[in-house]
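Hi everyone, thanks for coming. Let me put the model on the screen so that we can walk through it together.

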Amino acid sequence: MRVLSVVSELYPFVKTGGLADVAGALPPALRGHGIDMRSLLPAYPSVVARTGWGEVVHHWPDYYGGEARLRRLEAEGHRLFLLDAPHLYDRPGGPYTDPAGVDHPDNWRRFAALSRAGADLARGLIFDFRPDIVHAHDWQTALAAAFVHYDGTPSASVVTVHNLAFQGQFDAGIFPALGLPPDAFSIHGVEYYGGVGFLKAGLKLATGITAVSPTYAEEIRTPEGGMGLAGLLSDRVDDLCGIVNGIDAAAWDPASDPHLPARFTADDRPARQVNRRALEARFGLDADDAPIFSVVSRLTWQKGIDLLAETADHLVGLGAKLAVLGSGDPGLEHAFREAATRHPGRIGTVIGYDEPLAHLLQGGADAILIPSRFEPCGLTQLYGLRYGSVPVVARVGGLADTVIDANHAALVAGVATGIQFSPVDVPALRKAIRRAVHLYHSPGIWTRLRREGMKADVSWDHSAADYAALYRDLLDRSRR
Ligand code: ADP
Ligand code: GLC
């Protein structure tokens with residue numbers, strides 16, 4: 001079966017968050033299930049610098065306001081299509097923003113164009129790769145499902161919700177430039193509160209919908225988690241399922257990780273100790289045996305990072321240390337710089353995006369803190385499990401689905417892998433940190449917790465099988 005993943009970021013070529021990790025890990029994971037997944041993404045300059053240009057397989061003289069080419073190539077095990085449209089993608093900054101972090105004003109056009117190209121491939125744009133399924137991710141490519149629908153193409157489509165908070169809502173005035181039929185501007189199509197909703201359209205028109213964890217698939221049907229789309233998603237409950245993310249087990253393997261000063265397996269305490277010392281040196285923390293909590297995160301409201309800022313003094317008061325790597329809201333960046341100044345040797349902050357340093361934190365810290373207000377899946381807790389950095393997480397979304405809380409029963413049964421807390425507020429977070437520190441000082445228990453975590457199956461094995469089964473089911477349905 002042939003599946004085209006249409007996506008705005010893909011590790012290792014371009015990444016701003018977990019979406020890229022998933023888009024990069026899914027194709028190789030599906031190979032063993034007889035799925036030929038290729039990925040279509042924009043030819044951002046940073047991508048081309050790494051992959052090269054490849055061969056031109058289609059040329060559009062005028063595509064959404066400029067000349068464009070579809071290119072095909074293989075790079076680092078990925079079979080890629082790149083949409084080479086310089087007027088849309090050849091500019092400085094990240095995939096969505098300019099160098100100052102401001103959204104490109106024409107993002108609607110940039111991602112409508114990408115989505116249209118995905119639907120064109122489904123329509124048979126090139127003779128030797130016509131996908132049976134178009135798999136779109138988040139608002140950036142959800143419109144591909146709408147194009148497939150209105151084209152009347154026989155392919156099935158699936159939209160995966162990685163984060164419902166970003167919906168791609170634009171003014172109605174852009175509608176004529178999208179290239180959809182006039183009747184698409186209706187409540188049954190792309191129209192959303194008087195404007196155009198990219199994600200809304202995809203969720204309405206895709207053959208199937210997935211969310212990146214079973215709990216998130218439920219949360220997004222509630223008024224609180226649905227962010228305006230709960231009604232639509234509830235109507236489509238039979239077409240919606242949650243499939244939890246896995247990790248790229250090659251990129252995140254403590255036994256072979258090139259970013260770690262010392263590589264290790266579950267029983268190798270001394271090697272982990274080496275990483276710990278390196279982490280302390282890098283974050284300016286005292287070299288002692290106090291537990292080290294880490295954060296690797298976008299610093300945003302979603303991630304509950306403000307709650308942690310309020311809890312930082314308490315954490316230090318418990319004798320623990322904190323190492324923070326992240327970037328995002330200037331106010332939160334400031335709060336953690338301040339905290340580090342207030343507690344020299346006890347709190348260390350690195351503001352920025354640093355992939356190797358993220359690995360060192362997982363391989364050297366004792367615990368990773370994830371106090372998210374909502375978390376569709378979350379990957380850092382999965383990396384924490386694999387690296388023996390015990391996850392301390394809010395009981396929401398994918399965090400609830402992937403960490404087994406060290407409650408009495410789980411400890412007695414020896415199956416606990418971390419700590420969960422609820423509700424997501426400062427008192428509960430404090431209490432969770434207190435529990436973690438207490439367990440840390442009960443060495444037998446902590447060692448067990450860490451070992452169980454390292455044994456947990458966080459691979460793509462199960463989830464890739466679920467996606468493969470879903471694709472087959474969708475294809476059957478679309479043929480009927
Ligand atoms: P989200 O996609 O919502 O940001 P995830 O937990 O799914 O959350 O994925 C985050 C990904 O980004 C992980 O691979 C994590 O290691 C990485 N990451 C987040 N912040 C940083 C940072 N400051 N430096 C390096 N990697 C980061
Ligand atoms: C989003 C979510 C995160 C999820 C990632 C990959 O960025 O915020 O929870 O892990 O997508 O699915």
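Predicted model: local features only at pLDDT ≥ 70, side-chain atom pairs only at ≥ 80, totals over all residues.

Residues are numbered from 1 along each chain as its sequence is written, chains are lettered from A and ligands numbered from 1 in the order in which they are written, and side-chain values use heavy atoms, with hydrogens and water left out.

Now the domains. The assignment gives domain 1 (2-246 + 461-479) and domain 2 (269-455); such bounds come from an automatic or database domain assignment. Their centres, taken over C-alpha atoms, are 33 Å apart. Domain 1 brings 19 residues to the contact and domain 2 brings 16 residues, where contact means heavy atoms within 4.5 Å. About 1,300 Å² is buried between the two domains, with 58% from carbon and sulfur atoms; that is accessible area (1.4 Å probe) lost on putting the two parts together, summed over both. On the domain 1 side, Lys15, Thr215 and Asn245 lose the most area to domain 2, together 26% of what that side buries.

On a 1 Å grid over the protein atoms alone, a cavity is a set of points where a 1.4 Å probe fits but cannot get out, while a pocket is an open set with protein on both sides within 12 Å along at least five of seven lines; lining residues have an atom within 4 Å of a point.

Where does the second largest pocket lie? Both domains give residues to its lining, so it lies between domain 1 and domain 2. The second largest pocket holds about 320 Å³ of space, and its lining includes Tyr216, Trp301, Arg373 and Phe374.

The whole structure has one cavity of 30 Å³ or more, and the largest cavity holds about 70 Å³. Among the residues lining it are Tyr11, Asp21, Trp252, Tyr383 and Trp460.

Last stop, Ile35. Is Ile35 buried or exposed? With a relative accessible area of 3%, Ile35 is buried, given that buried means under 20% and exposed over 50%, with partly exposed in between (1.4 Å probe, protein chains only). Ile35 and Met1 sit 34 residues apart in sequence, but 5.1 Å apart in space, C-alpha to C-alpha. Leaving out residues up to four places away in sequence, Ile35 touches Met1, Val3, Leu30, Ala468, Tyr471 and Arg472.

Conventions:
Points joined across faces, edges and corners; volume = space filled by probe spheres on them.
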